[in-house]
Amino acid sequence: MSQLPLISVIVPVYNVEDYLDACVTSITTQSYSNLEILLIDDCSTDRSGDMCDSLALSDSRIRILHKTNGGLSDARNHGIDIARGSFIVFVDSDDTISPDAISTLYSLAAEHNADIAMASFHTRRNNSGTTVAMTGIDAAKRMLYQDTIDASACGKLFSINLFKKARFTKGIFYEDLDFMMKVVPSISKAVWIDRPIYHYTMRPDSITGKFSLKRLDVLDVTDRIITNAAAHYPELLPAARDRSLSANFNMFVLLVSNGYSHSLHVDRCWNNIKSLRFGSLFNRHVRLKNKLGILASLPGRRFFSVIIRIYNKL
C-alpha cells in the first residue's frame with residue numbers, strides 16, 4: 001500500500017465527543033493505509049479538541065489543526081489548504097465509513113481515470129454493486145434530479161486538482177450542493193458504484209433535523225446553479241430548474257408547517273413554483289414526488305397549503 005498515492009481525509013470537528021472515537025477509528029482501520037488524517041477542530045467547547053490531540057498520539061498519520069470557529073465549510077477549506085495528498089476524502093466527525101471505503105473509491109478512480117469517485121450512503125435498500133462511469137455533466141444531472149447519486153461531499157474521493165480554484169462557501173446551509181455544482185459539471189469523467197460505504201448518523205440536534213429560516217439558503221444556492229447552467233452548461237438547465245423546484249416545494253412545506261404561511265418567504269417559494277412547475281411536469285427525468293407536488297399545486301396556493309396541513313395532521 002505504501003506505493004499507492006497519499007490520500008488526505010479531512011474531518012471537521014465540532015462538539016462531537018460522543019462520536020469522534022468511532023469516526024476516527026473507522027478511518028485509521030481502513031484497508032487503504034497511505035493516508036493523512038486531518039482533524040480540523042473548529043473551536044469545540046466540549047472535549048472534542050482534547051480528544052483530537054490524544055488521537056494524534058496514537059497514530060502518526062493524524063494531524064491536528066485547532067482554529068477559531070468558522071463552521072463546516074470553513075473547517076473543510078482549512079483542511080484543503082494544508083492537505084498533502086493527491087486525493088481528498090471528506091468524513092463528517094459524527095459519521096463512519098466502511099473498512100474498504102477508501103480503497104473502493106481509489107480503485108474506481110484509478111480504473112476509470114476519473115476526477116471524482118462516488119459511492120452510496122448506507123440505506124436499507126438492496127445495493128446492486130453496479131458501477132457506472134459518466135461525464136461530469138451526466139453526474140451533475142443525476143445529482144440535480146436526485147437520481148441515485150447524492151450531492152453530498154461525503155462518500156466521495158476527489159482529485160486534488162479540483163481544489164485549485166473551488167472552495168466551500170462559508171456561512172451557508174446546503175454548502176455541499178453549492179460546492180458540487182461548482183466542480184462536477186466541468187470534469188471529464190466521474191464514476192459511481194452502488195455500494196454503501198458511508199454511514200450517516202442521524203443526530204437529534206443536527207441542522208437538517210430542525211427548522212430555521214437559515215435553511216432558505218437552498219433557494220439562493222439553486223438560483224445560482226440555474227444562473228451558472230444558463231451561462232456555461234445549457235444542457236443542465238432542465239435539471240437545475242427541477243432541483244430549484246424541489247427546493248421551493250420543500251421550503252414552502254416547511255414554512256407553512258412552522259407558522260410562516262403569510263410571510264414573504266412563502267410568497268417567494270410560491271412564485272418560483274408557478275414559474276418552474278410546467279418545465280418539470282412533462283420532463284421524463286423528473287421524479288414522481290415532484291410531479292405529484294406539481295399536480296397538487298395546480299388548484300392554487302390555498303389548496304396546496306390545506307393539503308400540507310392535512311398531511312401534517314395525518
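Biologist: Which residue meets Asp 74 in a salt bridge, side chain to side chain?

Modeller: The partner of Asp 74 is Lys 67, and the N to O distance is 2.8 Å. A salt bridge here is a side-chain nitrogen of Lys or Arg within 4 Å of a carboxyl oxygen of Asp or Glu. The structure is a predicted model, in which local features need pLDDT of at least 70 and side-chain atom pairs count only at pLDDT 80 or more, while totals for chains, interfaces and linings use all residues. Residues are numbered from 1 along each chain as its sequence is written, and side-chain values use heavy atoms, with hydrogens and water left out.

Biologist: Is Asp 74 buried or exposed?

Modeller: Asp 74 is buried, at a relative accessible area of 12%. Lys 67 is buried as well, at 9%. The classes are buried under 20% relative accessible area, exposed over 50% and partly exposed in between, with a 1.4 Å probe and protein chains only.

Biologist: Which residues are linked with Lys 67 in a network of salt bridges?

Modeller: The network joins Lys 67 with Asp 42 and Asp 74.

Biologist: And how many salt bridges does the count come to?

Modeller: The count is 16 salt bridges. One of them joins Arg 76 to Asp 92, at 3.2 Å from N to O. That pair links distant parts of the chain, 16 residues apart: Arg 76 is in helix 3 (residues 72–82), and Asp 92 is in the loop between strand 4 and strand 5 (96–97). Helices (H or I, at least four residues) and strands (E, at least two) are DSSP runs, numbered from the N terminus.

Biologist: Fine. Is Arg 76 buried or exposed?

Modeller: Arg 76 is buried, with a relative accessible area of 1%, and Asp 92 is buried at 18%.

Biologist: Over the face of which ring does Arg 76 lie at 4.9 Å from the ring centre?

Modeller: That ring is Phe 168. Arg 76 also lies over the face of Phe 90, at 5.5 Å from the ring centre. The rule asks for NZ of Lys or CZ of Arg within 6 Å of the ring centre and within 35 degrees of the ring normal.

Biologist: Which residues do ring pairs link with Phe 90 into a cluster?

Modeller: The cluster consists of Phe 90, Phe 158, Phe 163, Phe 168 and Phe 179. Rings of Phe, Tyr and Trp (its six-membered ring) pair if their centres lie within 6.5 Å; planes under 30 degrees apart count as stacked, over 60 as edge-to-face and the rest as tilted.

Biologist: How many aromatic pairs, then?

Modeller: There are 16 aromatic pairs. Among them is the tilted pair of Phe 121 and Tyr 198, with 4.9 Å centre to centre and 40 degrees between the planes. Phe 121 is in strand 6 (residues 116–121) and Tyr 198 in strand 9, and the two are 77 residues apart. Both Phe 121 and Tyr 198 are buried. Another tilted pair is Phe 252 with Trp 270, at 5.6 Å centre to centre and 45 degrees between the planes. Here helix 8 (residues 237–257) provides Phe 252 and helix 9 provides Trp 270, 18 residues apart. Phe 252 and Trp 270 are both buried.

Biologist: Staying with helix 9, where does Arg 268 lie, and where does Asp 220?

Modeller: Arg 268 and Asp 220 form a salt bridge, with their closest N and O atoms 2.9 Å apart. Arg 268 lies in helix 9 (residues 264–281) and Asp 220 in helix 7 (residues 217–232), so this pair ties together parts that are 48 residues apart in sequence. Arg 268 is partly exposed at 31% relative accessible area, and Asp 220 is partly exposed at 34%.

Biologist: New topic. How many cavities of 30 Å³ or more does a search of the whole structure find?

Modeller: The search finds one. On a 1 Å grid over the protein atoms alone, a cavity is a set of points where a 1.4 Å probe fits but cannot get out, and lining residues have an atom within 4 Å of a point. Grid points are joined across faces, edges and corners, and the volume is the space filled by probe spheres set on the points. The largest cavity has a volume of about 40 Å³.

Biologist: By which residues is the largest cavity lined?

Modeller: The lining includes Val 89, Phe 90, Ile 97, Leu 105, Lys 156 and Tyr 198. Strand 4 (87–90), helix 4 (101–112) and strand 9 (190–199) are the elements that give two or more residues each. Helix 4 gives the largest share, three residues.

Technical notes. On a 1 Å grid over the protein atoms alone, a cavity is a set of points where a 1.4 Å probe fits but cannot get out, and a pocket is an open set with protein on both sides within 12 Å along at least five of seven lines; lining residues have an atom within 4 Å of a point.
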